[in-house]
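Hello,

I am passing on the structure below. Notes on what was found in it follow.

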Amino acid sequence: MTAIDVPAGTAGAGRAFLLLIKSFIGTGVLFLGGAFVDGGFAFSVAILGVLAILGTIGMLLLVNVRKIVPGSFEEIGHHLFGPVMFHIVLLSVGLSQIGFCAAYTNFVVNNSVEVVSRFSHGAVHVSPWVFLVIQGCLYIPASMIRRIQSFAIFSMMGMIFVAFGLVVVSYYAVDHLVEVGHVDDSIVQFNPSRFALYIGTACYTFEGISIVLPIANSMKRPERFGMVLIVAMIITTAVYVFIGSTVYLSWGENVKTIVLFNLPENTFVSIIYLLYIVAIVCTWPLMLFPATEIVEREVLKLVAYGYAKATLRREAQYAKDVERDEARGALLRIASAASVSIHTVDTAARFAALPWTARKLYWVQNLIRLCLVIFVLVLAYLTGDILGKLVSVIGGIGCVPLSFVWPAAYHLRAFPEQGVWARALDWFLIVIGLVAAFYVTIMTFVA
């Protein structure tokens, strides 16, 4: 999932469809083949269909809520449930994006190690941390970019490379099936010991609800968004089922976590590795962008609030006659100056309570962004050997609540007079989402 920046009321149905497809279908689909091993063939295909239906319902519920409660995902939560929900949604979005970036960082590391090994015919082995450092040298300067439009051309390049790579993976999987003449003997219909990992990975692959509101808002005719979304989800699900099924039926339990590693060793396949590396490097800063904005804003808000309290204490020492209520009011006014919307263009105006020049604020923001990138790289290093579990946990903790629980809760609160069946659907999504989130997360660690 990446950030979307499209002016309101400017996109036709075709452009909205392409934006949805670009957001839904990414390198995460390459984890599906290995995930099918965890779930089993029949179970995996069925869950993809169920998640597609429930995910589409969740997105449509969220769009309906926005018709009467304007704002972003987290702002709607603040309006309906208060500041606690605002920060819960921000936490879900932030953790998901950070998790995506850590997983894709490991993806690049693993691909890079494999490329070097294949080009050198196994004679050269480079430690994974070397490629982590190289990525850091690329991502740190990119994270300092403030304008999301600057990533547009790189995002398009990444999408083209990913699409080409999926075609190649599909070709080799089908070719292997034809060459062998039958599906792999290790195929099972259901894997009772590891199916929870599959559910998490499938949710990770499907997650894209955070970009639904910006895309719906960008359409010239918003009433057509529902049909555009349904078509996009049908195509996305068909792609997922085709890729996951052909890969699993072709290589069975021998499917690697990253299916590229199942492809034959030749120069053309090595080029595909390189294209995927370039695709992720090009889109990585865009994936981190929402988390960067969230972390930056919340950290500076805390700093501004702390400065306001310190200022108040100093002033109170020299102004004993200031009434306590007035002092508290001053504190709130100063602290609220730090709480300007994340979408404010003038970054210096967001934190007017801080006694910093625009230049100092700029470098403080850069320091926060630097720390965030380093945190993601460290997380990627620590989870390098459990990439499949990392993907599943991200799906369970971050993606499930965003896709099912919060949209249904919003809809339940925004439409209190809705019918019994509509309320039952909302509660069904809430309950099934919470159960799935806890179960998938716990079973992933157990497995």
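A residue is called buried under 20% relative accessible area, exposed over 50%, and partly exposed in between (1.4 Å probe, protein chains only). The model is predicted, so local features need pLDDT of at least 70 and side-chain atom pairs count only at pLDDT 80 or more, while totals for chains, interfaces and linings use all residues. Residues are numbered from 1 along each chain as its sequence is written, and side-chain values use heavy atoms, with hydrogens and water left out.

Aromatic residues

Rings of Phe, Tyr and Trp (its six-membered ring) pair if their centres lie within 6.5 Å; planes under 30 degrees apart count as stacked, over 60 as edge-to-face and the rest as tilted. The structure holds 15 aromatic pairs. One of them joins Tyr 171 and Tyr 172 edge-to-face, at 5.4 Å centre to centre and with 75° between the planes. Tyr 172 is buried because its relative accessible area is 15%, whereas Tyr 171 counts as exposed at 52%. One aromatic cluster is formed by Phe 36, Phe 43, Phe 190, Phe 195, Tyr 198, Tyr 248 and Tyr 439.

Regards
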